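Please keep the sequence and the structure in view while reading.

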Amino acid sequence: MLLSRLAFISTTIMSSTSSCFQFLFPQNDVITQQQQRQPPLIAAYHEPPPHKNNNPYDVDYTNNPSAFGRILNGELPSRTYLESTELLAFQDRSPKAPFHALVIPKRYVKTVYSLRGNSHYSDELNDESEDNDDIHLIQNMRQMGLNLLEQQQPEALATEDYILCFHIPPFNSVDHLHLHVLAPASEMNWVYREIKYKCGARWCTSDLEVIERLKEGLPAVRYKRPFQC
């Protein structure tokens with residue numbers, strides 16, 4: 001009974017395909033003005049991050065079974081906004097805000113449950129410290145998200161009218177860690193703003209909470225890992 005309820009809730013919240021809920025999940029709720037300046041849809045190989053200490057460090061895209069792995073490997077197209085040595089940012093294929101991008105690590109990190117906390121974290125530690133890898137990863141993802149907002153939605157950034165969040169399994173859509181960047185939040189459909197991307201809900205957490213929990217040596221999210229997520 002519990003499993004069936006969870007499946008129903010997940011389907012209801014994370015999917016807009018059911019005709020019964022079309023009035024709650026409009027398909028054409030994204031401002032067309034933003035679409036006019038979207039990047040071109042291109043399939044391109046994205047150079048993986050360099051090896052660390054002569055270790056492969058999960059940079060072999062063929063070991064990434066997700067759709068994002070195929071984007072990184074140039075097999076699927078995306079609308080790329082920004083790229084760094086470690087990260088890639090591109091438009092969500094089904095935008096739920098006037099601006100909706102995803103920031104992903106190039107190395108394969110499955111979900112927020114894959115992130116390691118560090119009970120000995122210090123801002124003084126060297127950036128190359130393996131103990132700080134996941135903390136710095138999320139910090140860098142957040143910074144790229146803010147850079148995107150500065151470029152694409154400066155007014156929303158200035159007024160803090162945006163959402164930066166991760167979905168928590170089993171409510172995530174792709175098994176490759178991705179940060180949602182949505183703005184302006186005030187112009188989103190209320191179902192997306194107040195339910196699907198509501199930080200603090202069982203299915204959604206903010207980037208800042210993940211960072212703070214990892215610094216404290218805690219799991220990235222407060223909820224136990226369900227099933228085999």
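Two elements are said to be in contact when heavy atoms lie within 4.5 Å of each other. The model discussed here is predicted.

## The sheet

The strands form an open sheet of six members, in the order β1-β2-β3-β5-β4-β6, and their pairing is antiparallel. At the edges stand β1 (80-83) and β6 (204-206), each of which pairs on one side only. Direction ignored, neighbouring strands of the sheet are turned by 25° against each other on average.

Within this sheet, β3 (residues 99-105) and β5 (residues 179-183) are joined in the antiparallel sense over five bridges.

Two helices are described here in relation to the strands. Helix α4 (residues 133-152) lies across β1, β2 (87-91), β3, β4 (163-167) and β5, and runs at about 150° to β3. Helix α7 (residues 207-215) also packs on the sheet, where it touches β4, β5 and β6. The direction of α7 makes about 75° with that of β6.

## The strand β4

Why is β4 described as largely enclosed by the rest of the structure? A residue counts as buried when its relative accessible area is under 20%. Five of the five residues of β4 are buried, and therefore the strand is largely enclosed by the rest of the structure. The burial concerns both faces: Ile163, Cys165 and His167 lie on one side, while Leu164 and Phe166 lie on the other.

The pairing of β4 can be followed in two directions. With β5, the strand pairs in the antiparallel sense over three bridges, and Cys165 stands opposite His180 in β5. With β6, β4 likewise pairs in the antiparallel sense over three bridges; here Phe166 has Thr205 of β6 as its bridge partner.

## The helix α7

Which residues of α7 are buried? They are Asp207, Glu209, Val210, Ile211, Arg213 and Leu214. The elements that cover these buried residues include α4, β4, β5 and β6. Three of these, β4, β5 and β6, are the strands that α7 touches as it packs on the sheet.

Conventions: Residues numbered from 1 in each chain as written. Predicted model: local features only at pLDDT ≥ 70, side-chain atom pairs only at ≥ 80, totals over all residues. Heavy atoms only, no water. Pairing = 2+ DSSP bridges. Helix = DSSP H or I, 4+ residues; strand = E, 2+ residues; numbered from the N terminus. Axes fitted to C-alpha atoms, helices over the stretch in contact; angles between N-to-C directions. Buried < 20%, exposed > 50% of the residue type's maximum accessible area, 1.4 Å probe, protein only.
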